[in-house]
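Here is a short briefing for a reader new to this structure. Have the sequence and the 3D view open while you read.

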Amino acid sequence: MTVRARHRAAGPTGARDGPRTGRRALLALLVGGLSSGGNLLLAITVTRLESVGGLGQFALAFSFYILGSGLVRSTVTDTVLATGTGVVASAARRAILLGVVSGALISAAGAASGSPYLVVVGLALPGLVLYDYAKAIAVGIGAPSGAMAQEITWAALTACAALAGLLGLIDAPHVFALWAVGGGLVGLVVAARHRYALLPGWRVGRAETRVAAGFGAQFLLTTGSAQLALTAVALVAGTAVVGALSAGRTLLGPVNLVLSTAATLILPQLARTRADSGAARTRTAVRLALLVAAAVLPLTIAVALLPDALGTALLGANWTVGRSLLVLLALESLLAVPAAIGFAGLRVEQASRRAIVLGILLGGLRVPAVVAGAVLFGAPGAAGALVVLALVSAVAWGGSYLLLLRDRAVDRTLAAQPA
């Protein structure tokens, strides 16, 4: 099936796109809410059933799932979303190829380290990245109702697995396995229904390959460095520290998934302003940042002020290790908003070199800072380092995008002047 974006004429204010864009944004938030609820239920169930060490293994596996699906979104999905056109069915082959390669590496690492969580997520990753690919395309340029159906199905499967775990019928690794395999199967079914090409491959021109490689490098240097930092903390300070961070982040799952959903909408929104003036594009970026922050702020405040009784009911014994980190981790999530806007903006502008340089600088700071914080002060030290890095990232990514818009606006003005 070939899916092409529909380009609609809009006036200076973009009024004709307003209602459709608003409806798409609402559906995207509903899809994100379902996804957030399912993943939060999974995390809460595993947190209640596992020790701190086992929770650390789960956190690492889930972070590698984020890394694998995020790599596919950066190199494949975002290319389609940023350009607004593309053959969706054939692009799925690239998603599967990356999922198979990444999944094999993750499963091998899980087998070597004795982590059933890593083995399971590696085996399920090809289907999981297909799931994420189909959902992102539906939300961004397709029919969001299809993404809604996906999320309802996976949420129902997750609820059944969680219920079985909470009733003592299965243990935490099996709950995770049912979640991962269920999502992978839904992804494969959706891809088959849409007649996506299911054989791994990378048949695309050099120009698009260069763009995809640039997007992928940017992702690996940013989110990838975060996962590398988490792995380094587990190796140096132990999985208990990772488990404490995971206990705190479990309750922030809805916040981070709202940010992920918003990123799917931010790219097309920024891409639509390419022909506008620099001032107009800056206003759009600031407005998007304020809208996303307004959606995230109430959630972060609610989590940071969660009472002990509710925290214990949700996380069980692990609430005691995650409680002290909530304020720091909530602040980190809030600071991710301007960074996400700037990151998406540089992608729309195809400023790969600038983004890669920033990614190298920030990634080079992240791993030693988080590991040092964890070694010196344990989980609170790691969380504090994450907040400082989030602030630096917000200034770096957001400021870089605004400076780029200003520079290109000046170039346009000079080019328009008569010789």
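Start with arginine 195, which counts as exposed because its relative accessibility is 69%, and exposed means over 50%. Arginine 195 lies in the loop between H6 and helix H7 (206-237). The model is predicted. The protein has 14 helices and 0 strands.

**Overall build**

- Read along the sequence, the pattern is α-α-α-α-α-α-α-α-α-α-α-α-α-α.
- The protein has 419 residues, and buried residues make up 53% of them.
- Take the contacts between residues at least 6 apart in sequence: 82% of these join residues at least 24 apart.

- Arginine 195 has a phi near 60 degrees.
- That is a positive value, in a residue other than glycine.
- The loop that holds arginine 195 runs between H6 and H7.

**Helix H3 against helix H4**

- Helix H3 covers residues 88-113, and helix H4 covers residues 116-140.
- Their axes come within 6 Å and cross at roughly 160 degrees.
- Angles over 145 degrees count as roughly antiparallel, and H3 and H4 are therefore roughly antiparallel to each other.
- The crossing of H3 and H4 is right-handed.
- The residues of this contact divide into 19 nonpolar, 7 polar and no charged.

**Helix H4 against helix H6**

- H4 also pairs with helix H6 (residues 172-193), and the two axes come within 7 Å.
- The axes of H4 and H6 cross at roughly 30 degrees.
- Angles under 35 degrees count as roughly parallel, so H4 and H6 are roughly parallel to each other.
- The crossing of H4 and H6 is left-handed.
- The contact of H4 with H6 is made of 19 nonpolar and 4 polar residues, with no charged ones.

**Helix H8**

- Helix H8 has 12 residues, 239-250.
- At 1.5 Å a residue, H8 should span 16 Å. The expected span is 1.5 Å times one less than the number of residues.
- The end C-alpha atoms of H8 are 16 Å apart, which agrees with that expectation.
- H8 is mostly covered, with 9 of its 12 residues buried.
- Among the buried residues of H8 are Val241, Val242, Gly243, Ala244 and Leu245.
- The buried set of H8 also includes Ser246, Ala247, Gly248 and Thr250.

- Asparagine 39 is found in helix H1 (residues 18-49).
- Asparagine 39 is buried because its relative accessible area is 11%, and buried means under 20%.
- Beyond residues up to four places away in sequence, asparagine 39 touches Phe62, Trp179 and Leu257.
- Glutamine 150 is found in helix H5 (residues 144-166).
- Glutamine 150 has 4% relative accessibility, so glutamine 150 counts as buried.
- Not counting residues up to four places away in sequence, glutamine 150 touches Tyr131, Ala134, Lys135, Val186 and Val190.

**Alanine 212 in H7**

- Alanine 212 has its place in helix H7.
- Its relative accessibility is 1%, so alanine 212 counts as buried.
- Alanine 212 and aspartate 78 are 134 residues apart in sequence.
- In space, C-alpha to C-alpha, alanine 212 and aspartate 78 are 8.4 Å apart.
- Leaving aside neighbours within four places in sequence, alanine 212 is in contact with Thr75, Thr79 and Trp202.

**Valine 387 in H14**

- Valine 387 sits in helix H14 (residues 352-416).
- At 11% relative accessibility, valine 387 counts as buried.
- Valine 387 and leucine 335 are 52 residues apart in sequence.
- The C-alpha atoms of valine 387 and leucine 335 are 8.0 Å apart.
- Leu335 is also one of the contacts of valine 387, along with Leu328, Leu331 and Glu332, leaving aside neighbours within four places in sequence.

Notes:
Residues numbered from 1 in each chain as written. Predicted model: local features only at pLDDT ≥ 70, side-chain atom pairs only at ≥ 80, totals over all residues. Heavy atoms only, no water. Helix = DSSP H or I, 4+ residues; strand = E, 2+ residues; numbered from the N terminus. Buried < 20%, exposed > 50% of the residue type's maximum accessible area, 1.4 Å probe, protein only. Axes fitted to C-alpha atoms, helices over the stretch in contact; angles between N-to-C directions. Parallel < 35°, antiparallel > 145°, perpendicular 65-115°, else oblique. Left-handed = near helix turned anticlockwise from the far one by under 90°. Nonpolar A, V, L, I, M, F, W, Y, C, P; charged D, E, K, R; others polar. Contact = heavy atoms within 4.5 Å.
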